[in-house]
Amino acid sequence: MNLLIVDDERHIVNWIRALFLGHPAVDEAFTAFSAQEALAHLDARRIDVVITDIRMPRMGGLELMREIVNRHPRCQIIFLTGHSEFEYVYEAIRYPNVQYLLKTEDDERIVSALEEAVARSQAWMAAGPDVNPEATLDPVVRELTEYIQANLAGDLSLAALSAQVHYNPSYLSRLFKRVSGTNLNQYVFEQRMQRARQLLKTPRTSVSSAAHEVGFENAQYFATAFKRRFGITPQACRDARHVKE
């Protein structure tokens, strides 16, 4: 992946370049100190992600963004700026391949934004020229839900799930919420509870066995979670074979 960093302040360019030095997603990091220089880079080679300031002499970041959208529509753009004025934010968020961050954000958030941009770029490239990249994200969520349902007894932490589908954890969490409308941790919890309820309807399944089958090592913690979800203890469910929805 080719990255282009654009800012008229050299120390900002050097900071961002150092931040991504050695990052596995970045093949080359190019630099530009003006929007005009940035456009020259974009016309000379494939650039996958542009990190740019907004306020720059002669041509500002918003004008640069419009040029990129028109001339290089697959390029992802991250605004990294010291200005949080509404007019800038409003203009930037109109475009699906644009993110907006403040320079006061911590390094981890900036790295996460780049990884999200890379994921979108890769999805679009894999989908072909006529496919919106958002459409390629649904299969990722489907893969994730199938994995969760098949591995309810295993490690379904955000870190483990991210490793399974090769996505950054914070990006995966936002992606799952955006596509499914449900928080990822809540989805895991709900699937575990529903599976536990089914198991407890089986006469030979003990409470401790059901807890283990849905990934709870501590039976008491399982009982507390189960009662919070269904309003009845696992033992009462097992005895009565009935739980309210």
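## The chain as a whole

What you see above is a predicted model. The chain contains twelve helices and five strands. Of its 245 residues, 45% are buried.

In soluble globular proteins, nonpolar side chains tend to be buried together. Here the largest nonpolar core has 22 residues, and Leu 4, Val 6, Leu 42, Val 50, Leu 64 and Phe 79 have the most contacts inside it. Several elements each give at least two residues to this core: strands E1, E2 (28-32), E4 (76-81) and E5 (98-102), together with helices H2 (35-44) and H3 (61-71). Another core, of 19 residues, lies apart from this one, and its members include Phe 20, Val 49, Val 111 and Leu 114.

Once neighbours within four places in sequence are set aside, Leu 4 is in contact with Phe 30, Thr 31, Ala 32, Ala 38, His 41, Leu 42, Ile 47, Val 49, Val 50 and Ile 51.

## A cavity inside

Rolling a probe the size of a water molecule over the atoms shows where empty space is left. In this structure there is one cavity of 30 Å³ or more, and the largest cavity holds about 40 Å³ of space.

Which residues line the largest cavity? They are Ile 5, Val 6, Asp 7, Ile 12, Ile 16, Ile 51, Thr 52, Asp 53, Leu 80 and Lys 103. Sorted by class, the lining has six nonpolar residues, one polar residue and three charged residues. Strand E1 (2-6), helix H1 (10-19) and strand E3 (49-52) each supply at least two of the lining residues.

Thr 52, one of the residues lining the cavity, lies in strand E3. Is Thr 52 buried or exposed? Its relative accessibility is 2%, so Thr 52 counts as buried. Leaving out residues up to four places away in sequence, Thr 52 touches Val 6, Leu 64, Ile 77, Ile 78, Phe 79 and Leu 80. Thr 52 and Thr 81 are 29 residues apart in sequence, while their C-alpha atoms are 7.6 Å apart in space.

Now look at Arg 58, in the loop between E3 and H3. Arg 58 is exposed, with a relative accessible area of 79%. Although Arg 58 is not a glycine, it has a positive phi of about 65 degrees.

## Aromatic rings

A pair of aromatic rings is described by the distance of the centres and the angle of the planes. The structure holds six aromatic pairs. In one of them, the ring centres of Phe 176 and Tyr 187 are 5.5 Å apart and the planes meet at 55 degrees, so the pair is tilted. This pair links distant parts of the chain, with Phe 176 in helix H8 (residues 169-180) and Tyr 187 in helix H9 (residues 184-200), eleven residues apart. Phe 176 is buried, at 1% relative accessible area, and Tyr 187 also counts as buried, at 13%.

There is a cluster to find as well: ring pairs link Phe 216, Tyr 221, Phe 222, Phe 226 and Phe 230.

Conventions:
Residues numbered from 1 in each chain as written. Predicted model: local features only at pLDDT ≥ 70, side-chain atom pairs only at ≥ 80, totals over all residues. Heavy atoms only, no water. 1 Å grid on protein atoms, 1.4 Å probe; cavity = no way out; pocket = protein on both sides within 12 Å on 5 of 7 lines; lining within 4 Å. Points joined across faces, edges and corners; volume = space filled by probe spheres on them. Helix = DSSP H or I, 4+ residues; strand = E, 2+ residues; numbered from the N terminus. Nonpolar A, V, L, I, M, F, W, Y, C, P; charged D, E, K, R; others polar. Core = buried A, V, L, I, M, F, W, Y, C linked by side-chain atoms within 4.5 Å. Buried < 20%, exposed > 50% of the residue type's maximum accessible area, 1.4 Å probe, protein only. Contact = heavy atoms within 4.5 Å. Phe/Tyr/Trp six-rings, centres within 6.5 Å; stacked < 30°, edge-to-face > 60°.
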